[in-house]
Amino acid sequence: MHFDPAVLVDYWPLLLQGAWLTLQVSVAALVMGYAAGIAVALIALMPGWLPGLVTGFYVETLRNIPFIIILFVVYYGLPFWGIRLPATLVGTAALALFASAYYAEIVRAAILALPRGQFESARAIGMSPMSAMWHVVAPQILRALVPPSTNMTLTMMKESAVLSSITVPELTYQSLVVQGNTFAPFEVFAAVASIYWLMAVVIAEISRRLERRVGAVQAEAVSRNRIADRYLSLVARRT
Amino acid sequence: MSATPVLRVSALTKRFHGVIALDQVYLDVHAGEIVALIGPSGCGKSTLLRCLTWLEQPDDGFIEVAGKPLGRELTPGGVVRHQSRRQIDALRPQVGIVFQQFNLWPHMTALENVVRPQTVVLGRPRAEAIRRGEELLTRLGLADRMDRHPHALSGGQKQRVAIARALAMDPALMLFDEPTSALDPELVGEVLAVLRSLAEIGMTMLVVTHEIGFAANVADRIAFMDQGRILEEGPARDIIAAPKEPRLRNFIDLVMANRRHDNPGTTIDTTE
C-alpha cells in the first residue's frame, strides 16, 4: 500500500464543490448567528430579572448539548410540526443557532467590560438605549470582539463537518463520497484536511487584517498605554 | 413664571435593598441660583444626583424640572403615573450632568463629544451642531483643543469638554458631581472660575461637593445632607458661620480641623 494522490485527479471538482458549500454555509451561519447573538446579548442586558433568565436559558441550553444532537433535534424535529425544509437550509440554521449562543456571550462580555459610565453618560444626556449602544458602546468594543469571534467562527466552520450526517453535500460529505469511489481513504482525508486547514488560515488572516483596521481607528481614539496595547493585541506590529 | 423653581424635589425617597439612601428629600433650586450640596461621604449626595438624571429610579416622591414632572407624575385624579422611557428621555437633556470622572467618549474628538448628542438627541442639523459646539468650546477656552481626543486632554480640559457637552443641550439646570475631586488641587480655582462664568450667563446649578471651602466660595445657598436627609439649608455664609444643626457643626469642625492639620496653609499635600 502506498500513498497515491493521483487517484484524486478525477474527484477534485467534487471536493471543491464541497469546500465551496462549506464556505457558504459557514458565512451564512456567521451572519445569522452573529445577528441573533447581538440580539440575545442586548436582551440579556435589559433591566429586570426576566430577560436575563430567558437568555441565560437559551445560551446554556445551546452550549451544553453536543452540536450533532442539536442538529438531529432540529432536523428530525421540524417534520413533527409539518415543516419540511432542505437539509442544507436546516443545517445552516442549526449551525447559526449553535454559534449564536457563543457570539451572544462574546458580545455581552465585551459590553460589560466597558466602564458603565460610558453608557450612563449617553443615557443621561437623552440618548435612547439603542442610540447609546450604537454611538457610544459599539465603536468602543468592536476591536475587542474580533479575536474571540474569530475563534468561534473557526470552531463553527470546522463543526459544519457534522452537517454531512444529515446529507448536506459539504466538504466532509463529498470526501466520504470520493472515499467510497476510490477506496483511498488516506489520500482523500489528507486532501480534505489540507482544504479545511487552508480555509481556516484564510479566515484567520482576514480577521487579523480586520483587527488591525479596527485597531488603527481605535488606537488613535482610545486612551491606552502603547506598551499595553502591543501586548493586549494578537496583531504582530511592524513598527 | 419666575416663581416656578427650575428644580423642585419633593419627598424623594430611595432605598437600596431596604437600606435607605434618600429619606424624604425636599429641595428647590431657583433660576440663576448655585446651590451646593454638602455632607459626609455616603450621605446620599451622589444618589440624589443620579435620581435627578433618572439613572437611579427613586422609590417615592417627585421631581419637577422647569415645572415639568420627571419620571413620575400626579394625575389630576390623584393617581401616580409612571412616565414612559421616551417621555423621560425627552426631558433628560434639560438636566445637564457633569460626572465626577467626566465620562467623555474616548473614540470621539472633543468637538464630536459635544456635537453628537445634539444631532442624535435634539435632531439638530450637523452644521448647526458644529457651530454651537465650536462656540461653546471656544468660550470655555478650548478653541485649540477641539480636534483632540479625550486621552490627549488634561483633567481640567476634559471637565470643560464635559461641561460644553451638557450645555450644548440647552439645559435648564446643570448638575456637578464632585467637580474638584478628580482634579489636582491647584485646579480648584479654575473650576471655580468656570462655574462662576456659567453663573454670569444665568445658569442654574446644583453642585455636589464635600469641600466646604469650595462650596462657600461658589454657592449662593448650601444644603447639608446626612443619612439621606437634608438637615439644614440656607445662604452659604450663614451655614458656614452659624450652623444650627449639631451634625452640620460637627461636619464643619471636622473638615476645618483636618484641613488645618493636613495642609497648613498650602495646597501641597503633606499627608504621610
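Helices here are DSSP runs of at least four residues, numbered from the N terminus. Keep that in mind as we look around this predicted model.

Let's start in chain A. Glu120(A) and Arg116(A) form a salt bridge, with their closest N and O atoms 3.3 Å apart. Why can these two reach each other? They sit four residues apart in helix 5 (residues 116–124) of chain A, so about one helical turn separates them.

Now hop over to chain B. Here Asp28(B) and Arg8(B) form a salt bridge, the closest N and O atoms being 2.8 Å apart. Arg8(B) is partly exposed, with a relative accessible area of 35%. Elsewhere, salt bridges with shared partners tie Arg124(B), Glu128(B), Arg132(B), Glu135(B), Arg139(B) and Asp170(B) into one network. Over all chains, the count of salt bridges comes to 28.

What about the aromatic rings? There are six aromatic pairs over all chains. One of them is Phe224(B) with Phe251(B), a tilted pair at 5.5 Å centre to centre and 35° between the planes. Phe224(B) lies in strand 11 (residues 221–226) and Phe251(B) in helix 9 (residues 246–262) of chain B, 27 residues apart. Both of these residues are buried. In chain A, Phe67(A), Phe98(A) and Tyr102(A) form one aromatic cluster. Back in chain B, Arg165(B) lies over the face of Trp105(B), 4.2 Å from the ring centre.

Finally, how do the two chains meet? Chain B brings 24 residues to the contact and chain A brings 21. About 1,900 Å² is buried between them, with carbon and sulfur atoms giving 62% of that area. Two salt bridges cross between the chains, including one where the side chains of Asp89(B) and Arg123(A) meet at 3.1 Å, N to O. There are also 11 residue pairs in polar contact across the interface. On the chain B side, helix 2 (85–91), strand 8 (95–98) and helix 3 (110–122) each give two or more residues, and helix 3 gives the most, with four.

Terms used:
Residues numbered from 1 in each chain as written. Chains lettered and ligands numbered in written order. Predicted model: local features only at pLDDT ≥ 70, side-chain atom pairs only at ≥ 80, totals over all residues. Heavy atoms only, no water. Phe/Tyr/Trp six-rings, centres within 6.5 Å; stacked < 30°, edge-to-face > 60°. Buried < 20%, exposed > 50% of the residue type's maximum accessible area, 1.4 Å probe, protein only. Lys NZ or Arg CZ within 6 Å of the ring centre and 35° of its normal. Contact = heavy atoms within 4.5 Å. Buried area = accessible area lost by both parts, 1.4 Å probe. Salt bridge = Lys/Arg side-chain N within 4 Å of Asp/Glu carboxyl O. Polar contact = N/O pair within 3.5 Å; in protein donor to acceptor, adjacent residues only side chain to side chain.
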